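Welcome, and let's walk through this one together. Have a look at the sequence and the model, and then we can go through a few local details.

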Amino acid sequence: MSDKYDVIVIGGGPGGYVAAIRAAQLGYKTACIEKRINKQGKPALGGTCLNVGCIPSKALLDSSWKYHEAEEAFADHGIKVGKLDLDVKAMQERKDKVVLQLTGGVASLFQANKVTWLQGTGQLKANKQVVFTPNEGGDEQTLEADNVILAAGSVPVEIPPAEVDQKIIVDSTGALEFDSVPKKLGVIGAGVIGLELGSVWSRLGSQVTVLEAVDTFLPAVDKQIAKESQKLFTKQGLDIKLGARVTATKKNKNSVRVTYTDKDGEHEETFDRLIVAVGRRPYTEGLLSQDAGVTLDERNFIYVDNQCRTDVPGVYAIGDLVRGPALAHKAIEEGVMVAEVIAGEHTQVNYDAVPGVIYTHPEVAWVGKTEEEVKESGEPYKVGAVPFAANGRALAAGEAAGLVKFVVDEKTDRVLGMHVLGPQASELIQQGVVAMEFGASIEDLQLMVFGHPSLSETVHEAALATDYKAIHVAQRRRKK
Ligand code: FAD
Ligand code: NAD
């Protein structure tokens, strides 16, 4: 096979592997360079998301939720299970099996679509040349392509006072691999990872303390939803300390002493394990040679336009490497968009309608603008918020915590934002995405028929509530 490709993708995560498959579907001779070696010592596709991110974390979230339900909720349903036994090793093996099934599935999709998987490291040079260094050693090869898609993803941010050793002080990857339940678990950062992985180990019995530098809980989330979720997570046992800045850690053989400061001064606490989850940064190390020509922005993201073109014609960058939320589905849609743009199509990701989800229980999900953002814009708006406590299906399932909220343009009736805290929020939010994608008015949602009994009826009621027409809650006109 010659070393000239129509498309070379560097990185085989959700952005890169999807871009490669779509490019191949469009008839391009495509290669994807991925260097990852998985924990079984084998080359693996799927990137952060499938190997050490979205999928293993959700596997553990689901397992730990089942354990929690058996422990706390079954009795309520009249189900007695006797003394519970937890087998962390089996739980981890199940998670690993799910990961292998999915990453193996991507490899099969590459075969089926005739994408060449080059196992090793890629580096972009000038003139769309890519230097490929095989994992297994051997000579470097210089490959050429008409189009190069950079999809190298991101890595965890590190902070000097808490250096990760993946034993006592771990990042998200280490926190997915504990072989026993830490008695006392510290988490630095009350963001998405801190809350999800904190929840996993808390459900399994850890006493979890979350140290968050900022004074506000989930500042990017609609305030009403953030406030409500903070109450629920605290009730579940997460000790969330806001305005807490870690200044030092001291490790012992099996524990770590953490020093942090907050408005009351300096404190010390000892944990068996400490998770550092303070954000992720674009992974550009070794990706670009000096003459590559692509520009980085001030935060080290690769600079791209709204269709992911870099400053070098024919070179694109997608996913966690570029601006916007660091989410798998955003990376996926950018991968599709770039392959189609290469083919001369006019695909555009709707960045205004990218949903966000935190997979706690209940889940938190949102799309579009928060009430605070709309208020700040000065445009007139209306809001409808309805609790799941008014929903028969939620009550029947014992899942009545949380609410659905719409933020709507008062002049045009357009849906500007939807926010959910509640059961299956990750699924319900898609109704808001569809509404926004189609430019729906809130009246469209009000006039639709929703199956009964279903959780979606709370979406309907929240839509009705924006015009004080909700049936199952007593509404008072609210002041803005
Ligand atoms: P990545 O998935 O990071 O893939 C990039 C790949 O490129 C890597 O495999 C890397 O080995 C490879 N690579 C890098 N440089 C080179 C090179 N020079 N040569 C060859 N290969 C290279 N997002 C969600 O939407 N939902 C979730 O539930 C979710 N959960 C998460 C949970 C955790 C614990 C973490 C850490 C992240 C989670 N994310 C989630 C975020 C999600 O994983 C990322 O947004 C997504 O993986 C980004 O995709 P990507 O293709 O841009 O990069
Ligand atoms: P994050 O940005 O969600 O949260 C990091 C938190 O750490 C913030 O609240 C920040 O204020 C805090 N922080 C920063 N520095 C700190 C310090 N020195 N001390 C204490 N707190 C500090 O980042 P994350 O939780 O690490 O997740 C990284 C990214 O991965 C997310 O932005 C998200 O895009 C992605 N992710 C998504 C999902 C999902 O979609 N469900 C799940 C996990 C991760």
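Q: Where is Pro-362 found?
A: A word on the ground rules first: this is a predicted model, where local features need pLDDT of at least 70, side-chain atom pairs count only at pLDDT 80 or more, and totals for chains, interfaces and linings use all residues. Residues are numbered from 1 along each chain as its sequence is written, chains are lettered from A and ligands numbered from 1 in the order in which they are written, and side-chain values use heavy atoms, with hydrogens and water left out. Helices (H or I, at least four residues) and strands (E, at least two) are DSSP runs, numbered from the N terminus. With that settled, Pro-362 is in the loop between β17 (356–358) and β18 (363–368).

Q: Is the peptide bond from His-361 to Pro-362 cis or trans?
A: Omega is the torsion to check here, and for the bond from His-361 to Pro-362 omega is near 0°. That peptide bond is cis.

Q: Which loop holds Pro-453, where the peptide bond from His-452 is cis?
A: For His-452 to Pro-453, omega is near -5° and the bond is cis. Pro-453 lies in the loop between α12 (442–447) and α13 (456–465).

Q: Which cysteine forms a disulfide with Cys-49?
A: A disulfide is a pair of cysteine sulfur atoms within 2.5 Å, and by this rule the count comes to 1 disulfide. The sulfur atoms of this pair are 2.3 Å apart, and the partner of Cys-49 is Cys-54.

Q: Is the disulfide of Cys-49 and Cys-54 left-handed or right-handed?
A: The thing to look at is the torsion about the S-S bond of Cys-49 and Cys-54, about -130°. Because of that torsion, the disulfide is left-handed.

Q: Is Asn-127 buried or exposed?
A: Asn-127 sits in the loop between β3 (116–124) and β4 (129–134). Its phi is near 60°, a positive value in a residue other than glycine. At 70% relative accessibility, Asn-127 is exposed.

Q: What is the phi of Cys-308?
A: Cys-308 is in the loop between β15 (280–282) and β16 (315–317), and at 0% relative accessibility this residue counts as buried. Although Cys-308 is not a glycine, its phi is positive, about 65°.

Terms used
Buried means under 20% relative accessible area, exposed over 50%, partly exposed in between (1.4 Å probe, protein chains only).
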